[in-house]
Amino acid sequence: LCPDVGLRVALPDLDAFRARLDRSLHPDAAAVAAEVDRLCLHVCFKVAAEYGLPRTATPFMLEPLCRRLGIVREAEYVVGIVLETLQEEGFPHMPPPDELPRLCAKARERFGDEPFIRLVERCAGGVRAFLVGERRGWDVVFPRGDLELWADLHHRSAVMSAFSKAAALAVDALVPDGGEILEFGAGTGAGTAAFLDRVDGRPIERYLFTDVSDTFLRRARRRFGDRPFVDYARFDLEGDDDLGLDLQVDVAVGVNALHVARSLPAAVDRLRRMVRPGGWIVAAEGSPPAPGRSWRPNVLFGFLEGWWNVETDPAFRSAPGFLLLEAWEALFRHSGLTDVAALPIEQSGRRLGGVVVGRAHGGVR
Ligand SMILES: C[S@@+](CC[C@H](N)C(=O)[O-])C[C@H]1O[C@@H](n2cnc3c(N)ncnc32)[C@H](O)[C@@H]1O
């Protein structure tokens, strides 16, 4: 079976779509991803050196090791990532402890004010306080509730902006004129902004901006208030929210949002019931660069409990964080979606993530 069959159902003009997707990528996307990987490795060195993590430690010994070192439960995932990363890298020689600030400065010389570099600096600066429980991980990433770096990361980062643009292209290709779209986990609105840019002038009946957090809904009302067809509602992928059960949209889309669900099968099932027969679920998601290789920024995103406190299962998600595209496809099929397909987002041979699509209730619109 041709692997493109599902994709060609969703996107008949697949080659043109692929070309648009490639063109939408920031020219430095893969280079920035590689640089961020390197910086994250140095965050791991910093933690290992400060805590004297033993070379022989494995993630299996995590809990007793953390208790012995006085590391709080909230930070155990990050310590586990440090050990996993050092193991994947074959326990390389540790550089001097002041190497990270120098590397960040050099990265900035090359890539300018890339928000991902600032996130590395922010997490590295707060990691000691986080590990010993002086600061919550949330407070390190969002100091005094500041969402600006988070917003910048999703809107402007050469790596992270790829996902909003890819989702916007896919939704534009799948939604009919006069159609209705629901965006879940819309957060700072990077996906919304990319979509509204993309479809400027096309007739869209309704774009329902949703998130579980009222803070993001308030920000979005200010930001997109001049678009009369954009509505706002609290929507929780886990259930218990303000949306009526009779809602039926043409496309439900999320940009790096679906993986936050504690139970992935339950979340996809919920979305499937909100999409009209023949409509689509679209998830643009980051992914590990290859099977057996972890996503290095786990060490940063692991500061947030929502990143790691999720249900794992061997079939779809063996560990917290981003999934491989193959796992998303398996999950979508398992959830009863049809015409399931995943289009990788890649540059210079480096996989950044992908857009996964699946059709609800089978059938043709
Ligand atoms: C990584 S962010 C997505 C980024 C988003 N595309 C943006 O532009 O900011 C994940 C989003 O999912 C939301 N979220 C977390 N748990 C959720 C849940 N159970 N249901 C719906 N949204 C959730 C968060 O508030 C956050 O905005």
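Let's walk through this structure, starting at the ligand and ending at a pair of aromatic rings. Keep in mind that what you see is a predicted model.

Begin by finding the ligand. The space it takes is the largest pocket. Around the ligand there are 18 residues, and those that come nearest are Thr188, Ala190, Asp211, Asp236 and Leu237. What kinds of residues make up this shell? It divides into 9 nonpolar, 6 polar and 3 charged residues.

Now look at some individual contacts. Asp211 uses its side chain: an N or O atom there is 2.7 Å from an oxygen atom of the ligand. Gly189 takes part through its backbone, with an N or O atom 3.5 Å from a ligand oxygen atom. How much of the ligand does the protein bury? Taken alone, the ligand exposes 590 Å², and the protein buries 88% of that.

Next, turn to the aromatic rings. The structure holds 15 aromatic pairs. One of them joins Phe116 and Phe301 in an edge-to-face arrangement, with 6.3 Å from centre to centre and 70 degrees between the planes.

How values were computed
Residues are numbered from 1 along each chain as its sequence is written. This is a predicted model: local features need pLDDT of at least 70, side-chain atom pairs count only at pLDDT 80 or more; totals for chains, interfaces and linings use all residues. Side-chain values use heavy atoms; hydrogens and water are left out. A residue is near a molecule or strand if one of its heavy atoms lies within 4 Å of it. A polar contact is a pair of N or O atoms within 3.5 Å; within protein, one must be able to donate a hydrogen and the other to accept it, and residues adjacent in sequence count only if both atoms are side-chain atoms. Accessible areas come from the Shrake-Rupley method with a 1.4 Å probe; for residues, only the protein chains shown count as cover. On a 1 Å grid over the protein atoms alone, a cavity is a set of points where a 1.4 Å probe fits but cannot get out, and a pocket is an open set with protein on both sides within 12 Å along at least five of seven lines; lining residues have an atom within 4 Å of a point. A molecule sits in a cavity or pocket if more than half of its atoms lie within 2 Å of its grid points. Ala, Val, Leu, Ile, Met, Phe, Trp, Tyr, Cys and Pro count as nonpolar, Asp, Glu, Lys and Arg as charged, and the others, Gly among them, as polar. Rings of Phe, Tyr and Trp (its six-membered ring) pair if their centres lie within 6.5 Å; planes under 30 degrees apart count as stacked, over 60 as edge-to-face and the rest as tilted.
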